[in-house]
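I start with strand pairing and then turn to side chains.

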Amino acid sequence: MTTPTENVALKIMVIDDSSTIRRSAEIFLGQAGYQTVLAEDGFDALAKMNDHNPALIFCDILMPRLDGYQTCSLIRKSARFHSTPVVMLSSKDGLFDRARGAMVGSNAYLTKPFTKDSLLRTVREYTAAAVSR
């Protein structure tokens, strides 16, 4: 079991246009001791990334203005964040969505609504390298 103080330096970004999803993720991550950076869409996220330097990014696929695929692609083109893990979030669990996410460089895919356990399991899997540095 991870104690809250072990995660204090790790920031997790959650990009989703749903305030319910953002709030749920913030509660689950906060209870586990992670710092959470919330963004309403891709533009909001890209504006906040340099200031917050997230260790992991959860990115909704269907968002207005800049969708998750476009956001992930831009993150992968960034010299600073190209290796930051990106997990796509979607209410659809289709093969096409997973494949398209992989094509733009996402590391994984999490179906909404997610559970606290599935969210934290994904965080542990993709932040293990950041903890060991």
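This is a predicted model: local features need pLDDT of at least 70, side-chain atom pairs count only at pLDDT 80 or more; totals for chains, interfaces and linings use all residues.

Met 13 stands opposite Val 37, a residue of strand 2. I then followed the chain between the two strands: from strand 1 it passes through helix 1, residues 19–31, and on to strand 2. I noted this β-α-β crossover as right-handed.

Next I checked the pairing itself. Strand 1 and strand 2, residues 35–39, run parallel and are joined by five bridges. How many bridges link strand 1 and strand 3? I found four, and the pairing is again in the parallel sense. Strand 3 covers residues 56–60. In that pairing I located Val 14 opposite Phe 58.

I looked at the cover of strand 1, residues 11–15. Four of its five residues are buried, and I logged the strand as mostly covered.

Then I turned to Asp 60, which lies in strand 3.

I listed what Asp 60 touches, leaving out residues up to four places away in sequence. The contacts are Ile 15, Asp 16, Asp 17, Gly 68, Leu 89, Ser 90 and Lys 112. Which side chain makes a polar contact with that of Asp 60? I found the side chain of Lys 112, at 3.0 Å.

Conventions: Residues are numbered from 1 along each chain as its sequence is written. Side-chain values use heavy atoms; hydrogens and water are left out. Buried means under 20% relative accessible area, exposed over 50%, partly exposed in between (1.4 Å probe, protein chains only). Two strands pair if DSSP finds at least two bridges between them. A crossover is right-handed if, with the strands pointing away from the viewer, the path from the first strand over the helix to the second runs clockwise. A polar contact is a pair of N or O atoms within 3.5 Å; within protein, one must be able to donate a hydrogen and the other to accept it, and residues adjacent in sequence count only if both atoms are side-chain atoms. Contact means heavy atoms within 4.5 Å.
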